[in-house]
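The briefing below is meant to be read alongside the sequence and the coordinates.

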Amino acid sequence: MIMSLTVFLPEAMATGGDNLFEALAGKVGANYVEISYTYSSTLSGVPVYGDGLLQLQGTSYRHESSGMEVICDGESVWISDNLSKEMVIEAAGDSSLPADPATMLVNLTSAFKIKEVKKTGEGSFEYLLLPVNTIGIRECKLTISGSSANPKLETASFTTSDAVVFNISIKSMTFSAQLRQASFFKPEERTSSWVVTDLR
């Protein structure tokens, strides 16, 4: 999986930043990952702020942010609005949330190619990533620091196809080789008061 990244690396970029990107992709792919973050955006002219928690393992994840909960077991996606008690279930490849940070990291090594890398500080690099196929995201930027043994994702931003920009600041990111059971990436039972729409 990581070897496929080298196809997209610019020839002029020989060492440094590429090692951090590969190292981060490798750790995300091989571990259970928890990411706590804050985000900001502007929707219909209104500034929007919030925070979230992403728990990721391979193509499965749990993502909570601002009253929304998105759970994926790699095959199905459950999108829950806990305030209105509504849930939509979709096939994983058909998810209507292309701007979900989880989908960005799940597809990091297969859905994006590196367009540009620039050094932003001592041991810190910014990557401009472009989608290989149409996935609802126009471009993505990641800032990674640290070392190849301990890469750190500092910030992320992505621009959707309709030009909405989401800026993410990472509060904490932890890796664990202790993987979660498959049941962890399934939603809890919903009561009859919930409205559930299954689009699979």
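Accessible areas come from the Shrake-Rupley method with a 1.4 Å probe, and for residues only the protein chains shown count as cover. On that basis the protein chain exposes about 10,400 Å², of which carbon and sulfur atoms supply 51%. This is a predicted model, in which local features need pLDDT of at least 70 and side-chain atom pairs count only at pLDDT 80 or more, while totals for chains, interfaces and linings use all residues. Residues are numbered from 1 along each chain as its sequence is written, and side-chain values use heavy atoms, with hydrogens and water left out.

**Sheet**
- The protein chain holds three helices and twelve strands, taken as DSSP runs numbered from the N terminus (helices H or I, at least four residues; strands E, at least two).
- Twelve strands form an open sheet with mixed pairing in the order S7-S8-S9-S10-S11-S1-S2-S3-S4-S5-S6-S12, where two strands pair if DSSP finds at least two bridges between them.
- Its edge strands, each pairing on one side only, are S7 (112–121) and S12 (195–198).
- Strand S1 (residues 32–43) pairs with strand S11 (residues 165–176) in the antiparallel sense over ten bridges, and Ser41 stands opposite Phe166 in S11.

**Burial and cores**
- Of the 200 residues of the protein chain, 42% count as buried, buried meaning under 20% relative accessible area, exposed over 50% and partly exposed in between (1.4 Å probe, protein chains only).
- A nonpolar core is a set of buried Ala, Val, Leu, Ile, Met, Phe, Trp, Tyr and Cys residues joined through side-chain atoms within 4.5 Å; in the largest one, of 36 residues, Leu129 and Leu142 touch the most other members.
- Helix H1 (residues 17–30) provides the largest share of this core, five residues.
- Another core lies apart from it and has five residues, among them Ile71, Met87, Ile89 and Trp194.

**Salt bridges**
- Seven salt bridges are counted, each a side-chain nitrogen of Lys or Arg within 4 Å of a carboxyl oxygen of Asp or Glu.
- Asp73 forms one with Lys186, the closest N and O atoms being 2.7 Å apart; because Asp73 lies in the loop between S4 (68–72) and S5 (76–81) and Lys186 in the loop between S11 and S12, the pair ties together parts that are 113 residues apart in sequence.
- Asp73 is buried, with a relative accessible area of 19%, whereas Lys186 is partly exposed at 38%.
- Glu69 and Arg62 meet through their side chains in a salt bridge (3.5 Å, N to O); Glu69 is buried at 9% relative accessible area, and Arg62 is buried at 8%.
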